[in-house]
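Subject: Structure handover

Hi,

Here is the structure I promised to pass on. Please open it alongside this note.

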Amino acid sequence: MRSNNNRSNYSTPKKLTENKDNWEKIAKGELPKSEINENVYKGKYTRQGKTYYSVRDPLSKMYYNKCCYCETIEHAPEVEHYRPKKEVTEEKTHNGYFWLCYEWTNLLPSCRYCNTSGGKGMKFPLAEGGVRVFDAPIEEGVFNTDRCKVDTEELLAEKPLLLHPEVEKVEDYFTFENNGAIKGIDGEGRGEATISICNMNRDNLLERRQNVIDKWLEDIEDILLDYSEGEATLAEVKRRVNRKLQRLKGSCDVKEEFSLLQMVCLSDFERLILNQLENETFKVFLKGIYDDFLVTEN
Ligand SMILES: [Zn+2]
């Protein structure tokens, strides 16, 4: 998961705004939530033979074609409701946040696995002391959409456990183990809760993230082996390891798949990569190159 502040560069899709009447009626309870028009999220049009999705495409671009939760590349994401629109798993008497159905800041791009029932589904747990909002903001008969935005005071006062990439600096909430597992590290337990809600330690993610770590380890180990076998000089080895570290740094770019994992590989290099080397001499040698790299980079 990575923080994102791109939304201000995108205007609210017309598909959402042109449904204002339907939205207001649903929010006021004049129409049942079954009238929420799913075509709004799936809406598409064709231009010069190419199909465009009115809501999905800008979300996708905003999040660099990645799932906003697990960071896998996803070119056809689902349009996920951060606050579920029809029901809330943890609160049986809640009718769902039906009034947020077409709220732009409540929509995020997600892969199918993070979004569906094995993952997030209708879950939206709150932290202790959070005040659940049950009703749409209707003021003197008027639906106030300003109070639907994800960062309004009353919605923040709910204290959601699920992190929102545009509200929290989500990088501060997670770390990784060298088997690829993601782990929450904040005192409030929001990282752990987000992992559990979206099932972010499912088998295929674990395996793919472990592969990322193992690949860096293997690549660097190969370079060090060349030196110990006399196939490369010390200077060459340093240059090659440095290039690898440069490449690792490039992989931390927010546009890259699993970029938070790559960031932790670089910042917590000793724990995730270096300490996995079996050869003690390699460890000392690599530590020297890594320390020099940090000095040059900063
Ligand atoms: Zn995902």
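First, a caution: the model is predicted.

Domains. The assignment for the protein chain gives domain 1 as 7-200 and domain 2 as 204-297. Their centres, taken over C-alpha atoms, are 36 Å apart. On the domain 1 side, 15 residues are in contact with 16 residues of domain 2. What is the make-up of the domain 1 side that touches domain 2, by class? Seven of its residues are nonpolar, five are polar and three are charged.

Strand β1 covers residues 44-47, and strand β2 covers residues 50-53. The two run antiparallel and are joined by four bridges.

Helix pair. Helix α9 spans residues 234-251, and helix α10 spans residues 259-267. Their axes come within 8 Å and cross at roughly 145°. The crossing of α9 and α10 is left-handed. Which residues make the contact? From α9 they are Leu248, Lys249 and Ser251. From α10 they are Ser259, Gln262, Cys265 and Leu266. By class, this contact of α9 with α10 has three nonpolar, three polar and one charged residues.

Best wishes

Conventions. Residues numbered from 1 in each chain as written. Predicted model: local features only at pLDDT ≥ 70, side-chain atom pairs only at ≥ 80, totals over all residues. Pairing = 2+ DSSP bridges. Domains from an automatic or database assignment. Contact = placed C-beta atoms within 7 Å. Nonpolar A, V, L, I, M, F, W, Y, C, P; charged D, E, K, R; others polar. Axes fitted to C-alpha atoms, helices over the stretch in contact; angles between N-to-C directions. Left-handed = near helix turned anticlockwise from the far one by under 90°.
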